[in-house]
Amino acid sequence: LIVESALLLSVGITSNSFKMRHGAAGPRLNNNQLYKFSYMTEVLLDSTRGPKENPTGYRISSNVDVHLVWRDPSSKGDQLIQLAISDVKLEPASARPEKNNVLHGSTTASIMGKSNLAALTKPFLLHLKNGKAKAFYSYWTEPATIRNLKRGLASLLQVQLKSGKVLENDVSGRCTVAYKVDQHRVTRTKLLETCKTAETGFTMHSQVLGVSRKSSSVTVFTFEDGFIRSAVAEETHTRRFHLQFPLRQTLTLVGTEAGPLEAAGKDANGVVKSVDGKLAAVGIMLEKVKSQCKGCPSLFEHWQALRKQLEPDRLSSATAPRSFLALIQSIRKASKDEILKVLKDASKSSLPQVVDAVTSSQTAASLDAMLEFLNFTDAKGLVLQERFLYACGFASHPDERMLQALLDILKGKIGSTDIKESVVIIMGALVHKLCQKGACNSPAVMQAKHLILNGPDSSQVESEVQMYLLALKNSMLREAIPIFTKYAESEVGALSTIALTALQRYDVSLLTDEVKRTVSRVYHQNRRIYEKNVRAAAADVILSSNPSYTEVKNLLLSIGHLPHEMNKYMLSKIQDILRFQLPASKVIQEAMKDMISHNYDRFSKIGSSSAFSGFMAQSADLTSTYSLDILYSGSGILRRSNMNIFGASNGAMLHGLQVAIEAQGLESLIAATPDEGEEGLESFAGMSALLFDIQLRPVTFFKGYSDLMSKMFSMTGEPMNVVKGLILLSDHSEVIHLQSGLRASAEFQGGLAIDISGGMEISLWYRESKTSVNNRAALVVTGNVTVDLDFMRAGVEVSFETEASLDFITTVQFSEYPFLVCMQMDKATFPVSDYVTKYEGLPSGKSVTLRRGRKQLVPGSEFPLHQENSNMCKKVFDSRNHETLTEGSN
């Protein structure tokens with residue numbers, strides 16, 4: 001026998017598996033033996049940012065008696081086991097002073113309640129077959145929380161004695177589990193990202209704005225006499241915003257003694273009925289627990305408390321997005337009638353903000369309420385209708401029903417042409433988000449795709465073609481690339497520009513040689529003459545699409561043969577790429593080794609147009625950059641101004657903001673000659689915005705000579721609003737099924753109050769023009785994790801708040817050439833605060849809350865641009881001071 005055992009052990013070590021009891025696949029209990037264990041599970045919740053002190057959480061410890069109830073005579077690995085919990089203790093998971101201990105002075109019975117404690121200590125059964133949980137038996141009459149705790153203990157007995165990956169059902173869900181066997185120790189690694197549960201939650205698909213998740217679960221088993229001697233499970237979950245909650249679960253054999261005899265029976269079900277007819281197979285997976293909020297205010301009561309914080313004058317304060325996020329949480333629990341009551345009660349000034357909150361809630365009830373409240377046939381309701389549409393576009397997790405609602409609106413009568421354009425443009429954004437979720441072939445998405453893909457060629461009206469192209473730009477559909485390629489060569493400059501900027505958004509691998517040849521034809525005007533801003537957009541596509549040596553060399557050779565200001569723009573663009581070390585910089589450096597491409601004559605062109613990029617902020621989590629491109633006509637009047645802000649995180653890029661101002665056909669005001677390809681253009685100025693990867697409907701300052709003249713004489717200098725409102729920037733909700741049977745709820749939200757406006761002024765008397773882009777924003781980001789056991793609650797919350805403003809002003813004096821241009825990008829002093837709050841509470845109302853945080857003022861600054869701009873600004877301000885002194889002396 002000794003020799004046989006030694007041989008079996010050596011074979012087991014060699015094959016990386018071990019056999020117990022003549023080839024057992026799982027642990028086996030001895031008949032007539034009671035196994036006495038000590039059991040403990042604890043969970044800690046804390047923020048990894050800053051010093052680790054006083055983590056919140058609790059520990060449950062007890063004794064557990066385990067014995068064999070029944071074994072299938074024909075299959076020794078088929079066992080029915082009884083588990084009985086006793087001597088339950090509840091205590092804080094970490095040492096703390098009495099004043100911070102919510103459990104101080106309380107007994108387990110007083111905390112849990114006698115009925116809960118009785119239910120927890122009532123024995124239950126586990127049916128194991130070859131180490132796998134085949135059935136879990138408990139009582140439907142006991143609270144779900146109690147059943148879940150029992151499931152957590154039962155799952156700890158599930159183990160196989162052979163290395164390999166398998167699918168298992170346990171308290172965490174249906175998961176892929178990897179086993180590694182090493183002599184008398186087994187390591188079970190649960191791949192938590194594979195676990196399938198009934199509670200799915202929701203998240204954003206943006207890698208920059210979404211919530212990164214990292215989880216691990218490892219259990220180490222040791223064995224004695226064929227059964228478990230110890231099991232130690234360590235599970236850790238880390239979420240963005242520095243939230244971490246480790247869990248530990250241990251089961252340790254204390255001793256054995258004589259126990260009940262094995263019951264006789266043909267099958268497990270029959271034996272279960274003989275033990276207790278009230279026992280039922282309730283499933284091993286964690287059960288959903290209905291949360292009850294005692295004393296929570298109704299939606300209307302919550303609204304009454306928050307309404308003042310959502311007035312327009314509060315939008316630049318952090319109280320607005322904070323109240324916005326709180327209102328969303330209440331709306332998500334409300335019915336349609338409750339939501340309509342709030343919409344009808346809101347004042348005219350606060351109603352747009354309420355529309356933002358209701359739409360951003362993204363529940364069936366909130367969408368129904370908005371569709372009933374808004375009347376799209378009424379042109380006077382444009383502001384509320386557009387706020388609804390923009391909130392749909394920024395939706396964190398839209399569903400097909402939201403897209404279908406927009407399709408239905410489009411089929412009906414729409415009172416405003418602007419709203420019709422916004423419906424179609426936002427439809428493209430929803431198509432993109434639904435395709436990201438894997439719903440690209442759903443009926444609503446297919447219908448919307450057919451509409452926008454066929455839209456450009458279905459109309460001869462320029463504004464409608466533009467509308468469909470902007471929708472396709474938002475959709476990012478691969479099928480749209482040939483459409484953009486076709487319209488890149490359009491005779492209408494606005495359509496060419498949209499098509500080219502849309503192509504620039506695609507991954508370079510999707511841009512075929514045919515696409516690149518088309519863009520190159522536009523830039524080099526091989527077939528027709530194009531406007532400067534179209535050619536500049538084509539150059540941007542070429543330089544951002546892994547250009548070849550030949551493409552770059554041809555771009556360099558074109559400098560010197562372009563209109564004056566475009567020569568300067570292209571030089572500045574090349575120099576900016578080199579200075580900022582953008583991807584194209586290496587091939588540009590290579591091409592510049594050729595003296596024909598790179599010489600003094602080519603690189604000494606004068607002008608005022610420019611391109612510049614720089615860093616706004618850099619941290620371990622996020623890098624934010626900005627770029628400012630400005631192109632003038634030869635007469636000194638603005639042709640295109642483009643401000644961009646990008647965010648990069650987790651290897652992904654987010655186009656946070658783009659504000660573009662375009663003007664054309666203004667040369668007649670100063671009796672100047674238009675540049676080549678721009679003769680006869682209609683007088684026009686307008687602005688378009690792209691916000692968090694969503695293209696919004698462009699706005700027009702004026703169109704046509706008569707409109708221009710009337711606007712010039714009525715200009716107040718006040719900027720025109722482009723987008724204003726509250727945006728749900730980040731949105732994540734999940735229920736995490738912990739190994740111990742506890743449920744952790746994780747909620748992460750980011751709210752942004754934003755006001756973007758822009759304006760353009762022209763003074764013929766002073767021969768000066770001024771364009772401005774004003775950005776005002778307040779940001780609140782919160783993240784919290786809560787573990788709620790009905791009879792005890794613990795959680796941690798992190799929050800971040802800031803208020804900021806960013807102004808971009810361009811002043812041009814065109815009384816002489818080269819004209820003077822001064823660009824200013826100013827950031828005002830702004831506050832930043834962040835907090836960590838830890839809390840524990842009991843149903844009795846007793847609670848402990850610990851909060852620490854910091855506030856600081858970040859000094860304002862003017863973002864650095866190139867030295868040439870600084871020199872020009874000095875001249876502009878000097879000339880202004882001179883004119884002021886002259887007027888004063890007169």
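Strands β25 and β26 (residues 847–858) pair in the antiparallel sense over 12 bridges. Here strands (E, at least two residues) and helices (H or I, at least four) are DSSP runs, numbered from the N terminus. Two strands pair if DSSP finds at least two bridges between them. The model is predicted: local features need pLDDT of at least 70, side-chain atom pairs count only at pLDDT 80 or more, and totals for chains, interfaces and linings use all residues. Residues are numbered from 1 along each chain as its sequence is written, and side-chain values use heavy atoms, with hydrogens and water left out.

β25 spans residues 830–841. It is largely enclosed by the rest of the structure, because 11 of its 12 residues are buried. Buried means under 20% relative accessible area, exposed over 50%, and partly exposed in between (1.4 Å probe, protein chains only). β25 is also joined to strand β23 (residues 793–813), by 10 antiparallel bridges. In this pairing, Val796 has Lys838 of β25 as its bridge partner.

The protein as a whole was then examined. It has 890 residues, of which 56% count as buried. There are 25 helices and 27 strands. The C-alpha atoms fill a box of roughly 110 × 65 × 55 Å along the principal axes. Contact means heavy atoms within 4.5 Å. Among contacts between residues at least 6 apart in sequence, 68% join residues at least 24 apart.

An open sheet of 12 strands has the order β6-β7-β8-β9-β10-β11-β1-β2-β3-β4-β5-β12, with antiparallel pairing. β6 (164–170) and β12 (280–281) stand at the edges. Each has a single partner strand, so one side of each is left without a neighbour in the sheet. Helix α4 (residues 144–155) packs on the sheet. It touches β1, β2, β3 (75–92), β4 (124–129), β5 (132–138), β6, β8 and β11. The direction of α4 makes about 150° with that of β5; axes are lines fitted to C-alpha atoms, for helices over the stretch in contact, and angles run from 0 to 180 degrees between N-to-C directions.

Strand β1 (residues 33–47) belongs to this sheet and is mostly covered, with 12 of its 15 residues buried. Antiparallel to β1 runs β11 (residues 243–258), joined to it by 13 bridges. Val43 has Leu247 of β11 as its bridge partner. β1 also pairs with β2 (residues 56–72), antiparallel, over 12 bridges. There, Tyr39 is partnered by Ser62. Elsewhere in the sheet, β7 (residues 173–182) and β8 (residues 185–196) pair over 8 antiparallel bridges. Tyr179 has Arg188 of β8 as its bridge partner.

Two single residues were also examined. Arg387 lies in helix α11 (residues 382–393). Arg387 is buried, with a relative accessible area of 10%. Residues up to four places away in sequence aside, Arg387 touches Pro352, Gln353, Val355, Asp356, Lys724, Gly725 and Leu726. Met595 lies in the loop between α22 (585–591) and α23 (600–603). Met595 is exposed, with a relative accessible area of 57%. Met595 and Gln575 are 20 residues apart in sequence and 16 Å apart in space, C-alpha to C-alpha.
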